[in-house]
Amino acid sequence: MATGTTPASTTPGPATATATATAAPHPAAGHGAQALLRTVLRIDSWGTAAFGVVLLAGGGALSGPLGMPTTWSVPFGIAMLGGAAALALIAGYPRISARLTLTVIAANTLSCLALLLLPFTNALPLTTPGTAFLLIGAVVVAVFAALEYRGYCRGGRAG
């Protein structure tokens, strides 16, 4: 090596500059946030699937005590199973994009609002336990939305 030159491994070149420009400011924080987000999405997926199965399998038995007609519980149950599959798919991505994270948060927020409003619109002949069932569901969905938002804010937003 000639005097006054630096080894190639310590000289910032185009590859080093590119890697530095595209790297996250706190890679460990981003990785932890992605892990948090992935875990919350998986738990949300399982909870959504369980709720969907309850509405599909137990819709007839629950219609009396809750006041939710089977004509409502079956489509809700099917939609919940679809949502659970989408959540599981998103949780399985190597990097969860900001766009998908925000979509999940928006969907959970809208679901929460629907569950809060539905008991008071008289669209369904809900009983008191049926109203409580939907309101508890709204709280659960709100908690998932808040946890997913926390993961997003902590740097769980990739690309």
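**Nonpolar core and surface**

Mentor: The protein chain exposes about 9300 Å², of which carbon and sulfur atoms supply 74%; accessible areas come from the Shrake-Rupley method with a 1.4 Å probe, and for residues only the protein chains shown count as cover. This is a predicted model, in which local features need pLDDT of at least 70 and side-chain atom pairs count only at pLDDT 80 or more, while totals for chains, interfaces and linings use all residues. Residues are numbered from 1 along each chain as its sequence is written, and side-chain values use heavy atoms, with hydrogens and water left out.

The protein chain has 6 helices and 0 strands (DSSP runs numbered from the N terminus: helices are H or I of at least four residues, strands E of at least two). Of its 159 residues, 33% are buried, that is, under 20% relative accessible area, with exposed over 50% and partly exposed in between (1.4 Å probe, protein chains only). Among contacts (heavy atoms within 4.5 Å) with a separation of 6 or more, 76% join residues 24 or more positions apart.

The largest nonpolar core has 11 residues, including Leu 55, Met 68, Met 80, Cys 112, Leu 134 and Val 141. Such a core is a set of buried Ala, Val, Leu, Ile, Met, Phe, Trp, Tyr and Cys residues joined through side-chain atoms within 4.5 Å. Two or more residues of this core come from each of α5 (98–117) and α6 (128–153), and α6 gives the largest share, 3 residues. Beyond its neighbours within four places in sequence, Leu 55 is in contact with Met 68, Ser 73, Phe 76, Gly 77, Met 80 and Phe 133. Another core, of 8 residues, lies apart, with Leu 37, Leu 41, Ile 90 and Ile 96 among them.

In soluble globular proteins, nonpolar side chains tend to be buried together. Helices α2 (27–57) and α4 (70–91) each supply at least two of the patch residues. Ile 78 lies in helix α4 and counts as exposed because its relative accessibility is 51%.

The average pLDDT of the protein chain is 84, on a scale of the predictor's confidence in each residue from 0 to 100. Over residues 5–29, pLDDT stays under 50.
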